[in-house]
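Here are a few quick notes to read with the model open beside you. Take them one at a time and find each spot as you go.

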Amino acid sequence: MPTGLQRQAYPCSDDRYPASIGHALAPVHASSYRAVYEELVNPATERLAAQRRSLALLRDALGAVASQADDLPDSPEGLFDWMTASAKKATDAYQEYLAQRRAGAPRRFFASRTHALYFLQAVAPTKLVDGSWLFGCMRHARDPRMAGLAQTYLEELGSGDASKNHVLLYRELLRAHGLNEGTHLSDEHFEQGAIQLALGHTTEQMLPEVIGFNLGYEQLPLHLLITAYELNELGLDPYYFTLHVTVDNADSGHARKAIDAVALNAARFADPGRYWERVRRGYRLNDLGLGTNSVIAGFDLDAEVLRILIAKSAAGAGAHSDYCRIEGRTVNGWLSEPARVGEFLQALVRKGWIVPGAEPAQSRFWQLLVGERAEMFGVFSDYELQALFDWIRGPAAVDGRRYDAPAQGAARTPSFRAAQRLRASVGTEGPPAEDVEQHLLAPGAHWTPQGLDATRALVASLRG
């Protein structure tokens, strides 16, 4: 990957699409979205290989949305009014939501603390590549037509400030609650992230699509406002989400820069109508993969608890003595057959080891997991304990209480940002690099200490 950000000629100056894709680079298919995602997020992946993989993925994705409808205006000239109306629609709906909550309506998104944590983990593959669709714009950061897009990418990186780097913020959020980065998630959870990464690797060939995707992603959606509100209500730090509410504003934020980019780059293309159609098709890519609403609707606490216990059964099948038997079978015997873990769970209920609907402390099984003399201490992560806690409590889990909070009421989760700022304040910074290496700004590297240093150096050079 080239170093420095010298002004370069921009090759994407015609509208030959999709014929221009795939002739110079033969399509390369992967077995899964996860495989493409992992290849593209890896900074060590060779640039040409990443580009070939990306073009193949985007060819299929753009074909899938070609005939779909969208809500964009008929021409770019209507974008400002469209943006203003869209933002007002979202904020009006949010005010209606708040009025409903004040009148006693339940949370709209998250039925329990586990539900919210499940959501945070399920969308992690997308959140951990936040802004990646604009990565390719950094090679043209000094081009005035691309400056707004490049600035948006740098702001996604927090301009080198660890406390505002979006990916690092999300990693900290996962870590703070015992969540992993999606190792158990299905392939479709990686589709949207793979598309975003692919756009970042193909800016020269897919500039209109990148602009269109950015146009859609940077608008203010209702679900973002509700998510932040309900996470805060459950004692989960909403800063990652509230940060997007502020930086994406329609006046001077990312939403406004997104519509400006449409006009600034239109002159590169000979056919204005074709350019606008390609922008619209890129916009529709936002609809692919699992979105916020579908992830939330897909939560099933019974299924999640069963998944957790089946995953643990592989490690625990031979770790128990034969002293204890449940309905005539040893614990090892139950756990040796993952398909019967659900039966085992019900057997624990029948024998009184688990008392559904009561305080978990009344369940012998729960006493094995937490407490000073818990024999199974450390077997389950914080998230897994929360899921078991809420499952045992049943409807009472609507109060959002943490599994380790006193029974008198829910306790708020301390913000991880204070500790993060403290770590940053005692750290040392090396001298700014004279030449910023592009790979340090890539989605898989910008959140590392070296990537943050490189981002700060670039921001300083652009301001100079």
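This is a predicted model: local features need pLDDT of at least 70, side-chain atom pairs count only at pLDDT 80 or more; totals for chains, interfaces and linings use all residues.

1. Helix α2 passes α9 in a left-handed crossing. On the α2 side, the contact is made by R47, Q51, L55, L58 and L62, while α9 brings E204, Q205, M206 and E209. Sorted by class, that contact of α2 with α9 has 4 nonpolar, 2 polar and 3 charged residues.

2. How do you put numbers on a pair like this? Two packed helices are described by the angle between their axes and the distance between the axes. For α2 (residues 47-65) and α9, the angle is about 35° and the axes are 11 Å apart.

3. Now look at the loop between α8 (191-200) and α9 (203-217), where you'll find T202. Is T202 buried or exposed? T202 is buried, since its relative accessible area is 0%, and the cut-off for buried is under 20%. Leaving out residues up to four places away in sequence, T202 touches Q51, S54, L55 and L58.

4. Next stop, helix α17 (residues 341-350). Its buried residues are V341, F344, L345, A347 and L348. They sit on the same side of α17, because they cover an arc of only 160° around the axis. Here's the background: an α-helix has 3.6 residues a turn, so residues three or four places apart point the same way.

Terms used
Residues are numbered from 1 along each chain as its sequence is written. Side-chain values use heavy atoms; hydrogens and water are left out. Buried means under 20% relative accessible area, exposed over 50%, partly exposed in between (1.4 Å probe, protein chains only). Helices (H or I, at least four residues) and strands (E, at least two) are DSSP runs, numbered from the N terminus. The arc is that of the directions from the helix axis to the C-beta atoms. Contact means heavy atoms within 4.5 Å. Axes are lines fitted to C-alpha atoms, for helices over the stretch in contact, and angles run from 0 to 180 degrees between N-to-C directions. A crossing is left-handed if the near helix is turned anticlockwise from the far one by less than a right angle, and right-handed if clockwise. Ala, Val, Leu, Ile, Met, Phe, Trp, Tyr, Cys and Pro count as nonpolar, Asp, Glu, Lys and Arg as charged, and the others, Gly among them, as polar.
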